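Morning, everyone. Please take a look at the structure on the screen, and then we'll walk through a few of its contacts.

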Amino acid sequence: MSVAAAVTASVTASVAPPAVASAALSTATESEAQTGPTAALPGLPQALSTRARTLAGAVRRRCADLARIESPSGDAPRLDALAEELAAGFRATGATAHREAAPAGDHLVLQWDGQDESLPHLLVVGHHDTVWPVGTLADWPVTEQDGTLSGPGVVDMKGGLAILEGAFALLADLGQRPHRTVRLVVVSDEEVGSPDGRRLVERQLRGAAAVLGLEPPHPDGRLKTARRGSTRVRLTVTGREAHAGNDATDGVSAVDELVDQLVAVRDLAGQPGTELNAGRISGGTRANVIAGRAEAELGLRFSTAEAQRRTLDNLARLTALRPGARVRTEVLSSRPAWPERSGNPLLRHVRSLAAVLGQQLDGAPAGGAGDTNLPGSRGLPTLDGFGAVGAGAHARHEHIRIDQLAPRIALLAALLAVPLPRLRDRSEG
């Protein structure tokens, strides 16, 4: 059941939204926001916090339901089924939804009209693919225990999608629209570097006032203010097959060549600002056949754009160490480094909102990469980590903290409802 449907079903038992918050929301102006995030919105913090606590149960159930729809990267039928489920839930909160066809599963673009449609839009980015293969639920079902909800994909990032749905359902329940137009892009291939989804995110960056990411925050709840760059690279080695006993000298082992290349690549990755993970290796056919082909998929992380450029240039120049072998380097996906920036008025604004909601919140750089790398690297006001508080992404202890759902719902709803301050040198509205 969508969060909006749960709200409708329970409305008679819910706490009625304070009228003062509803009236204040409709009369707030951008200039008033400069003196404080909710200075013109008396009653809003209490209304949002109270209603968010009421909605938290529906959001928890929504997250569990979404996690039970397995959606590994590359499985187009399952990703499309989840995309339709997400679209239905967001439509119930007032969104228009468009499916963007993609070979590995459709992406989603959703929009909520704002009170002031002349303002630049607020962009939110998310994804509905996971790293977990089909069948994971058979031995790791979605489970609630000791104040946590665990299961494949609950924190990365079905919890974030459910929380955003809850935030929009909260505003709709108060009879409100977001202050400015909000666009949400949900891509189907983020876990493999958004090779196709990137174009969709980039298209929506044009004219955006700010960008928010629905990835999970740091385990202690801090938002993510910067990200390392990341690149996936495939090394493919071609050798020459031969009988390993009778004609070994006629062969050129692609496996041996790949092993030696990986040793050399490991030395390259030891340079400052670069980290390497050899994530997958394959090659050869039988023990009595000299391997004619081998490949490795590498995951690289970069703290700076210079480290990224230098390492990729070096990888592109790899040459075979054995006569008769060939080495090819292919970049599968790449995200630029998003550096930490001083000041950060968007973080200051969010911290102010959190404070009036009775929350303590801060931000810090993150080691992983995501779709917020794109706007962040270009200097757009960007924050990530608005998803569910928890831990264990990509691991069997993946979980979210149930007690942190209500604070996140209230925070996102406030961020949608309250006018943004000036975030750059020139006003964005």
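Which side chain meets Arg396 in a salt bridge? The partner is Asp139, at 3.4 Å from N to O. By salt bridge I mean a side-chain nitrogen of Lys or Arg within 4 Å of a carboxyl oxygen of Asp or Glu. Arg396 sits in the loop between strand S15 (390–391) and strand S16 (399–401), and Asp139 in helix H6 (residues 136–139), so the pair links parts that are 257 residues apart in sequence. Helices (H or I, at least four residues) and strands (E, at least two) are DSSP runs, numbered from the N terminus.

A word on the source. This is a predicted model: local features need pLDDT of at least 70, side-chain atom pairs count only at pLDDT 80 or more, and totals for chains, interfaces and linings use all residues. Residues are numbered from 1 along each chain as its sequence is written, and side-chain values use heavy atoms, with hydrogens and water left out.

Back to our pair. Is Asp139 buried or exposed? Asp139 is exposed, at 55% relative accessibility. Arg396 is partly exposed, at 46%. The cut-offs: buried is under 20% relative accessible area, exposed is over 50%, and partly exposed lies in between (1.4 Å probe, protein chains only).

How many salt bridges does the structure hold? There are 35. Take Arg62 and Glu85, with their closest N and O atoms 2.5 Å apart. Arg62 belongs to helix H4 (residues 44–67) and Glu85 to helix H5 (residues 76–91), so this bridge ties together parts 23 residues apart in sequence. Arg62 is buried, at 1%. Glu85 is partly exposed, at 31%.

Next, the sheet. 4 strands form an open sheet, in the order S10-S11-S9-S12, with antiparallel pairing. Two strands pair if DSSP finds at least two bridges between them. Strand S10 (274–283) and strand S12 (326–335) are at the edges with a single partner strand each, so one side of each has no neighbour in the sheet. Strand S9 (residues 229–238) pairs with S12 over 9 bridges. Thr231 stands opposite Ser334 in S12.

S12 also brings us back to charge. The side chains of Glu190 and Arg335 form a salt bridge (3.5 Å, N to O). Glu190 lies in the loop between strand S6 (182–187) and helix H8 (197–205), and Arg335 lies in S12, so the pair connects parts 145 residues apart in sequence. Both Glu190 and Arg335 are buried.
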